[in-house]
Amino acid sequence: MTTGASERPGYRLGIDIGGTFTDFNLLDARNGEVFAFKTPTVPRDPSKGVANGLRVLAEQGVAMDGIDYFVHGTTIALNSVIQRTGARVALLVTEGFRDILELARLRLPVPWNFYSQRPKPLIPRELVLPVRERLRFGGVVETELSSREVDRVVDEIEHLGVDGVAICLLHAFSNPVHEEMLRDALLDRDPTMFVSTSAEVWPQAREYERALVTVINTYIRPRMVGYVDRLHGVLNEAGVEARPYLTRSNGGIMTTTAARDEAVQTLLSGPASGVIGAAAVAARAGFSNALTLDMGGTSADVAVVQDGGVAYSREEHVGDFPVIVPSIAISSIGAGGGSVAWVDGAGVLKVGPKSAGADPGPACYALGGTEPTVTDAFLVSGYLNASRFAGKTMLSADAAKEALDILAGPLRLDDRQVAQAIIRVTIANMFTEFSAVLERKGLDPRDFTLIAFGGAGPVIACLLAEEIGIPRVLVPLAPGTLCALGAISAQVMADFVRSIDRPLSRAGDIDLKAEIAPLRRRAAEWLTREAPATAVTHFLTSADLRYVGQSHEVEISLDDAWLDTGGEGRIAEAFHAEHDRLFAHSEPGADVELINLRVRAVGELPGVGGGELAASSTAAPIPATTRTIHEFAGAVAASVYEREALLPRQEFDGPAIVEQADSTVIVPTGWRASVDPYLNLIVTSECG
Amino acid sequence: MTAFRTDPVTLEVLKSHFVAVAEGMGYTLERTAHTTFIKESADFATGLATLQGEFFAFPRTIGVSSFLGIDMGPTLGRFSSWAPGDIGITNDPYLSNGLATHLPDIHMFSPLFHQDELFGFAWCFIHCSDVGGLVPASIAPEARDIQQEGLRIPPRKLYDGGRLDESFLELFLANSRTPTENWGDFKAMIAALRTAETRFATVVDKYGPGTVKDAMADMLDWSEEAVRALVREVPDGSYRFSDYLDGDMEGIPIRLAVTLEVHGDEATVDFTGTDPQVQAAFNLPACGARHPFLFQGLINYVLSENPDIPLAAGLVRPFHVIAPAGTVVNPIPPAAVGIRYATVFRLYNAVLGALAQAVPDKVPAAGCGAGSMVVLSSPRMDSSGRHVVVIEPLKGGGGASINQDGTAGTDSDGGFLRNTPVESIEAHVPVLVERYELLPDSAGAGRHRGGWGTCLEFRVELPDSIVTARGMERCRFEPWGLRGGQASIRTQAFVTDGQSGERRVVGRINVLQLGPGDVVSLWASGGAGYGDPLERELGLIEADIRSELLSPSQAETYGVVFSEDGQIDASATGARRTALAGHASTAAPLFDLGPSRREYERVWSDAQSSALVEFLMELPIGLRSFAKREIHLRIDSLGLEATQETMRAIWSDYEEKLRGFVHEVAPSVSAIVA
C-alpha cells in the first residue's frame, strides 16, 4: 500500500467462523480503526454467514471494492476430520505395511483402561492397497516399481471407485520417484482424480505421521473445494474484489487456491489466528513475553509468546491424531464456561470433563440445560450481568440458582457458596494443566503477561493469574473477536521440509546449500503465487538436530554463512547452546544428527497506519453502578465500568467489573486496572 | 459418602495442587534427563508419599502408572532421621522390600519440610542405562543371581543435609558402563525432587499445615473408599485360576497360581501353589508385600470401572496378598529379577482369569500377554565396538470384552508402549524391515473377537549379528478366551536363511546368531475372543473378511455359509448357526484355555502341578529348579502319572546321592534336606 492511498479506504477484513458465531473485524489501514461485530454461523453452509456479515458492512456504508485483504479462519477441515464426514479415498502403501494407519504408534490413549482404543483409521483396510516396491534409507531403490505393478494398482483403484487417492511409500521423503510414477499413472487414467503424495504434502521421515497428513489432505479435500467455490460465489455477488485468503495452522495465511491442494494446512487455523491476534496485541502494548488464554464455552486453550515470537510445535493433535505440519503450539487446559459441575461417589466436588457446550448450554441460557456449569457459577457470583451477556439477550439467574441447588444438598452449602466452590475447583484444575505447560518448557510465570480473550477468558483471568503467579493480565479491546483480528494481523506464510537424518559431525558429508536449494526454490515459487506484490518477502532457514540416540529434535535457526562447507561446527555450537537453554544441559563432545532442514517463506503485509487511538484522561473513571460480587473471602461491592467509556491512562482498583459487548472483565480485590494507549486493559496484581 | 477431614471442595482443590507438584516433578525430570530411554520410552515416575510411605499424589499425564501403590514404608524405616536437603537412594529390591524391582530402576526420595515440620516425601525413579552386571544394559534372562545383574545400592543417603556423598557416587559410577549418562539422569532426578520440595512448601504456606495434612490423609481414604465401593459389587467367593510363563532357561513352564478371595469390600490375592523361584531373571521380588505388580489386573479393573478414582495408594488398601516365600512371586535373595516384567504381564492374565469367574461381564479375555524388546547387536563399521539397538517393542493383540473387539497390536497390560517408525529404524540400524503389519487369522473368535496380532519381519544386513527378544512369551500356550470366545494362536518366530532360503521355526527367541540376508519373522499372537462366535454380527464378520484379516475358511468358526458369489448367505448361515448351537448340549465353559494348554494339563493338571509345588517347597531353594526339571523330564518321557508318590520316588534317587554329598561338605545343611 502506498502512502498516497488515503483517498481509498484500504480495508482489511478478518473473519472467524466459529461454531456459534461468525466474527467480523474490519480494520481501516489508514488510521488503524477497527470495527468488530458478530453474526450467527450457518452450520450447513458457513459461506452464508459470511454473506450475511458482508450485508451488514454494506449497510454501514463500507465499500466492498475498498476491501484490499479478505482473510478468514475456517473449521471446515477440522470438522470433517472430527465428525468423519470426509470423502471415500484410497491409500497406497509399500507392500508389507498395509496397517500403517491402524497400528499408528501403538500407544493407547488411556494405557491402563480395558476399553481404551486408538481412533478408528480414516481409511478402512480394504481401501489400503499394498504396492510392490521398496526404497531404502536415503532413497536408494531396493525393489523397482514395475510398470505392470503400476497398471495393476491403477486398475484396482478404478475398480474401487474412490474420490481421491493418498500415496505414502517408505522413504519417499528422500526420493519421490515411485510416488510420482503412481500419481502420474492415476492422473493419466482419470485426470479428474485428486491425488496427494506424501512427498508433496509433507516430506518428513516417520511413515505413520506422514501418511496421516497425506490421508487427511485427501480426505477433507472435496468439502474444502465445495466451500471455497461457494465462498467465491458469495464474494463475487457482494462485489468484493480482493483475493480471499485463509488462515492456516502455522499462524500464517494462504490463498483459497492453495488451500484446495493443501487443505491439511488449515486444520488448526481458528485457534492459531486467536494466538496471532493476542501476540499482535501484546507486541503493540510492549509485552514481549505473553501467555495467551482463550476461554470460551467448551474449552480453555493456552499458548506461549516468548521474546515476541509465538511458540510452534511440530506435532499437534486433532482428536487423537498427531498432525506434523507446523502449527502454533496450543494446549488445552480443560474447562470452558459450559463445563458441568458434579459430586462424585465419595462426595467430592468435580468440574468437567463433561460440557453443556453451546447447545443446550449452561442452565442460565434457559435453553433446556439443567446441570450446573461454570457460567452459572459466574452469574450467581455476580460476575456477569444477566441482561448483558455476549450474544444472548438475557440470562436466567433463577435457572442458574436452580441448577446450583442440585449440588447445595450434597455439599451442604448455599447457592453462592456452591458457585464459589465451582470457581475454586475450576481454577485449581486449570492451574494443574497450566503448570504442566510451563514446566514442560521450563518457564517462570513471573516473566509473563496473561492475554485473556474469548467470552470467558477475561472473567477468570485474574483469578487464574493469581493462582499461577502471573503478575499481569491484559484484556484487549475486543476479546470476543480476537481470532478475526488475528486473521488480519497474519502474514502470508508457508513451511517446507526435507528430512536428512545423517550425522552432522562429518564435515562436508552433507552439502547443506545443495540440500536447501530445492526448498528455497519451492518456497520462492509459492510466495510468487501467494503473496501480493506489496508484501516484503523473506525466508527463514532452520534445522532440526538431536544427539545420537535421542528421538526428540531441537530446532535451530540457520545463518546463511553456516551453510558453507565447514559451517557444521557453528551449527553444532548453536545446537549445544539451545539444548542447554531448553533442557539445562548439553554435551559438546557428543555426536549430533541433522534430522530435518526447514525453510519458512514469509510475505509480510504492509504495516497499518494510525497510532494512539483515543484521547487520554487522568480523571478517575466513573462507575456506571456497583454490584455485589462474591470472592473467596466473602461478598464485596464492586464498581461496574463500561468498557467504551474508559480512556487511556485511566486507572481504578478492584473489586471492579468492566462490562463490554463481547465479554466481562473481573478485577478482583488486590488488583489494579489501567487503560493503555491502545485501549487495552492492563490489570496488575498489587501483591507483586 | 466418605467422612473426610477436609471439606469436599478444598479436597478437590488440594488434589489439583498435589497432582501439579507430582506432574511438575515429572516434566522437570523428562525435560532435563540425559538419556533417550527416559525421554522416549517414558520409563520413569514421580510421586508424593506420606510420612508412612503411601503415595497420596501421582501424575496422570506423565511417567508410568504401575508403581502406584508400592509401599515406601519399609525403605523409609531404614533411616533414623531426615533433615532438609537430604536425598535417599536405592535400587535394591530385597533391601527396599520391593520399592525397586530390578537393579536398573534407581529410586530417589527426599523429605518434604515446611519450616521445621516434616510432611512426607517426594519420590521418583528412572530406568537407568546401565548398572553393571553380565551384559550391557544390565538385563540378561540367563542371570542366575542378582549379583550378576549389577551393583546393589541398599537404601542410603546420596545427599546428607544438602551435601553430596561423593565417594559413594564415585563407587557407583565406576561400576556402570554409562557413568556420564547415569550422572546426567541423576541430576534430573535431583532437580525434580528439589522442585517438589519448594512447590510443596508453597502449598503449605497457602493452605496451612493442618489442612494440607488432612488433605493428604483424605486422598488415601478417598481412593480407598472408591475401590471398596467397587469390590463390594463383586460377589463374595473364592476364585481360582492359573496361567503359565513359557519357561525358565530349561524350558519347563512356570506356573502362576492365583486364588482370589473376595469378602465384602476386601479381596485377598493368594499365590499359594505358584512355582518356586527360578534360576533365571524372571523372578518378581515383591518381598511378600502388597505389591501392585502382583495384581495390576485388579488395579486396571478398578480404574476402568471408575476412571475418576484419584491416583493414590489408598486404592490398594482393600487388597491383601499371600505370596509364599521362595516362589517366583516372592523370591528369596539372591534370585535374579531383571525380566520380572514378563512375570507381571502373565500375572495380569492370571489375576483377571480369577476375577472373570466373579464378574465375567467386566473382564476382558486374555490378550497377547507379553511385550518383548527386539534388540539387534551388530559390529560397528567405524570402530571396534558393537551397536546394540532396540528395533521395536513387539506386542500382539488385546483381549475382547463384553462390548468390543480387542485392540489391534497392543493391550491394556502394556498400553503405554510406543513403536519406532520403520524409516527411523532403517536410518540407524543395519536392517531392512520387510513387514510390519497385522497378522491375519491371529485373533480368537467370539461374539467380539480378539485384537489382531502383529507381524514383524526384518532382514539382517551385517555379518556376526545377534538378535534377542527379551520378554518374548506365549510361544507355548495360547491366550485364553472367555464365555464361549475362543483362544487365539501362539506367538511364533522363524528364521529364513539368507543363503539357502530355508525357513526354520525357532520358538521363543533367546539369542540368535545371524548373518547378512537372514530374515527374522516374529508373529505375536492376537487376543482371545469373548462370547459365542455364533452370535457375532454378520456385518462385522463381513467387514473382517473385506479387510482380509479374516480368511473365509477361518470365518467358518463363526458358522457362516457363503453363497456362490462369495458373499455370506444370511439365511443359510442362520440355519447352520441354529444347528451348531443345538449341538452344544451344555452352555460353553467360562474359559477356552486353548489346545496347547489342554494337552499339557492332561499330564500336569492343576492338582498335579500343585502337588509338585508342595513337594518342591520342602526342598532347599537351591535344589528346587533342578528337582522340578528332573521330575518333569522323567514323568513326561516315561509317560508316568504325575502323583506326589511318583515325584517322591523320582527324587529319592537323587536324595540319596545328595545326602551323602551334603554330609561330606557341609553337615549342618543336611538337616534341611532331611
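Which residue's side chain does a polar contact of 3.4 Å join to that of A:R248? The partner is A:Q265. A polar contact is a pair of N or O atoms within 3.5 Å; within protein, one must be able to donate a hydrogen and the other to accept it, and residues adjacent in sequence count only if both atoms are side-chain atoms.

## The model

This is a predicted model, in which local features need pLDDT of at least 70, side-chain atom pairs count only at pLDDT 80 or more, and totals for chains, interfaces and linings use all residues. Residues are numbered from 1 along each chain as its sequence is written, chains are lettered from A in the order in which they are written, and side-chain values use heavy atoms, without hydrogens and water.

A:R248 sits in the loop between strand 11 (244–247) and strand 12 (253–255) of chain A. Strands (E, at least two residues) and helices (H or I, at least four) are DSSP runs, numbered from the N terminus.

A:R248 is buried, meaning under 20% relative accessible area, with exposed over 50% and partly exposed in between (1.4 Å probe, protein chains only). A:R248 has no salt bridge, which would be a side-chain nitrogen of Lys or Arg within 4 Å of a carboxyl oxygen of Asp or Glu. The nearest side chain of opposite charge is A:E262, 4.3 Å away.

## Two positive phi values

A:R649 is not a glycine, yet its phi is positive, about 75°. A:R649 lies in the loop between strand 30 (634–642) and strand 31 of chain A. A:R649 counts as exposed because its relative accessibility is 57%.

B:C287 also has a positive phi, near 60°. B:C287 is in the loop between strand 10 (266–270) and helix 7 (296–305) of chain B. At a relative accessible area of 18%, B:C287 is buried.

## Two cis peptide bonds

The bond from A:G352 to A:P353 is cis, with omega near 0°. A:P353 belongs to strand 22 (residues 349–355) of chain A.

The bond from A:G654 to A:P655 is cis too, with omega near 5°. A:P655 falls in the loop between strand 31 (651–653) and strand 32 (656–660) of chain A.

## A buried leucine

A:L127 occupies the loop between helix 3 and strand 6 (128–131) of chain A. A:L127 counts as buried because its relative accessibility is 4%. Its C-alpha atom is 9.9 Å from that of A:E156, 29 residues apart along the chain.

Conventions: Lys, Arg positive; Asp, Glu negative; His and termini not counted.
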